[in-house]
Amino acid sequence: MEYASGHAVAGLASVVCVRNIGKPSRSMRSLRILLVAAWALAAVGAGAEVAEVRSIELLGRPIDPGVRLQLDLVVSESFEGASIATPIIVSRGVKSGPSLCLTAGVHGDELIGVEVVRRVMETVDPAELSGVLIGVPIANPHGFRRSSRYLPDRRDLNRFFPGKARGSSASRIAHTLFDRVIRHCDVLVDFHTGSFYRRNIPQIRADLRNLEVEALARRFGAPVVVHSTGQLGTLRRAATDAGIPAITFEAGEPMRFDDNDIQDGVLGVRHMLASLEMAPGRARRGSPEIFLERHWIRVDDGGIFRATRSLGDPVAVGDVLGTVTDPFTNDRVEITSRFAGRIIGLALDQVVIPGFATFHIGVRSPVPSEDPGVSAPPAVPSVLDGELELEERPE
Ligand SMILES: [Zn+2]
């Protein structure tokens, strides 16, 4: 009962916020804070009257306390007309608490998050859990089966959330997932990797102008946090716009299982579960390195690209990061950094053409506070809302 009461109010918050496209206004945030407070009061009041936690439903199935089960969500059909379903793993705690959703494989070739979600769902014990943990290891089964970032029609699923029931194939898949699963989440972490022969340092991407999102980013305990509003249509942006604070964990490269990156992801979820008081463990309250700005260094010449600096390296303005060599004339140009900061993303050595993005630099910024939930939102440089961000590579 206590959980059901809380979720009804949280659901109301979602309905209110979903009409407010873009960043919630101050009054909307105040309303949401009031609604969350009402959720807490309802939980306390109901807990005094009712000892048991009432059953909840997901995808039409009752989910009893202390249960872990796999449900199938039919998201699409194959070319031969067969149903395409994706597994939804649910762990329901014995005590009431929030719903934490973990999504991966929105881009079908990004495997690290698939394994992070699998390991977390395998190891979290519902008997020790408060609240509900919902894992969506493969959000884009079409792409996963073809080892592709995209859907069969070359659309990027992560540009179509929250989707439309009668839209394009991408929009329909997005709508099914968002409406039937994501709207049951109180908070969400979406897992990604670098794309197209690029590799990312483990990092959280989050809209740091939103206080709830900023607090969520800190709960993950990642050493690097990058401010990003998220493009329209991304799952992270759509969830946040619907009143569900959401962050993205980025690490590694497509089509690889890097155990260090996977461990970082699993550890982050465990920090988050402890911080949300959903599971035993130690919440990590470190001071992440926060980058309010990030920029790609693009090359001006075609040829053979070789990096001379590594992922994670600190860099100063003017530092040589790599070279591009003409394969016939042997002419070589140096790639220099126009920013001071850290290399948070890197193209693997390969052949390039002018305009190719090689080094992703997180530009240094001051750290506002170490305490989750109480820090003021950092001032965001106006350049983030301008053309430069539109030129950034997609997540
Ligand atoms: Zn991705």
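Two strands pair if DSSP finds at least two bridges between them. Helices (H or I, at least four residues) and strands (E, at least two) are DSSP runs, numbered from the N terminus. With those two ideas in hand, let us walk through the structure above.

This is a predicted model, in which local features need pLDDT of at least 70, side-chain atom pairs count only at pLDDT 80 or more, and totals for chains, interfaces and linings use all residues. Residues are numbered from 1 along each chain as its sequence is written.

**The whole protein**

The protein contains 9 helices and 19 strands. Of its 395 residues, 45% are buried. Here a residue is buried if 20 or more other C-beta atoms lie within 10 Å of its own, exposed if 12 or fewer, and partly exposed in between, with C-beta atoms placed from the backbone. Contacts tell us about the fold too: two residues are in contact if their C-beta atoms, placed from the backbone, lie within 7 Å. Among contacts with a separation of 6 or more, 68% link residues 24 or more positions apart.

Strand E13 covers residues 303-307 and strand E15 covers residues 320-325. Opposite Ala-307 you will find Gly-322 in E15, and opposite Phe-305 stands Val-324, also in E15. Val-324 in turn faces Val-333 in E16.

Strand E5 (residues 95-103) is mostly covered, with 8 of its 9 residues buried. Its partner, strand E6, spans residues 130-136, and within E6 the bridge partner of Thr-103 is Val-136.

| Strand pair | Sense | Bridges |
|---|---|---|
| E13 and E15 | antiparallel | 4 bridges |
| E15 and E16 | antiparallel | 5 bridges |
| E5 and E6 | parallel | 6 bridges |

**Two helices that pack**

Two packed helices are described by the angle between their axes and the distance between the axes. For helix H3 (residues 112-123) and helix H8 (residues 259-275), the angle is about 45° and the axes are 9 Å apart. H3 and H8 are therefore oblique to each other. Angles under 35 degrees count as roughly parallel, over 145 as roughly antiparallel, 65 to 115 as roughly perpendicular and the rest as oblique.

H3 passes H8 in a right-handed crossing. A crossing is right-handed if the near helix is turned clockwise from the far one by less than a right angle, and left-handed if anticlockwise. H3 brings Ile-112, Gly-113, Glu-115, Val-116, Arg-119 and Val-120 to the contact, while H8 brings Asp-261, Ile-262, Gly-265, Val-266 and Val-269. These residues divide into 6 nonpolar, 2 polar and 3 charged. In this count, Ala, Val, Leu, Ile, Met, Phe, Trp, Tyr, Cys and Pro are nonpolar, Asp, Glu, Lys and Arg are charged, and the others, Gly among them, are polar.

**Loops and backbone details**

Where is Pro-162 found? Pro-162 sits in the loop between helix H4 (141-145) and helix H5 (169-180). A cis peptide bond, with omega about 5°, joins Phe-161 and Pro-162.

The loop between H4 and H5 is also the place of Ser-147. Ser-147 has a phi near 50°, a positive value in a residue other than glycine. Is Ser-147 buried or exposed? It is exposed, because 11 other C-beta atoms lie within 10 Å.

Asn-330 has a positive phi as well, near 70°. Asn-330 belongs to the hairpin of E15 and E16, which has 6 residues between the strands. Asn-330 counts as exposed, because it has 8 C-beta neighbours inside 10 Å.

Finally, Arg-145 lies in helix H4. Arg-145 counts as partly exposed, because it has 13 C-beta neighbours inside 10 Å. Arg-145 and Asp-109 are 36 residues apart in sequence, and their C-alpha atoms are 8.9 Å apart in space.

Note on methods. Axes are lines fitted to C-alpha atoms, for helices over the stretch in contact, and angles run from 0 to 180 degrees between N-to-C directions.
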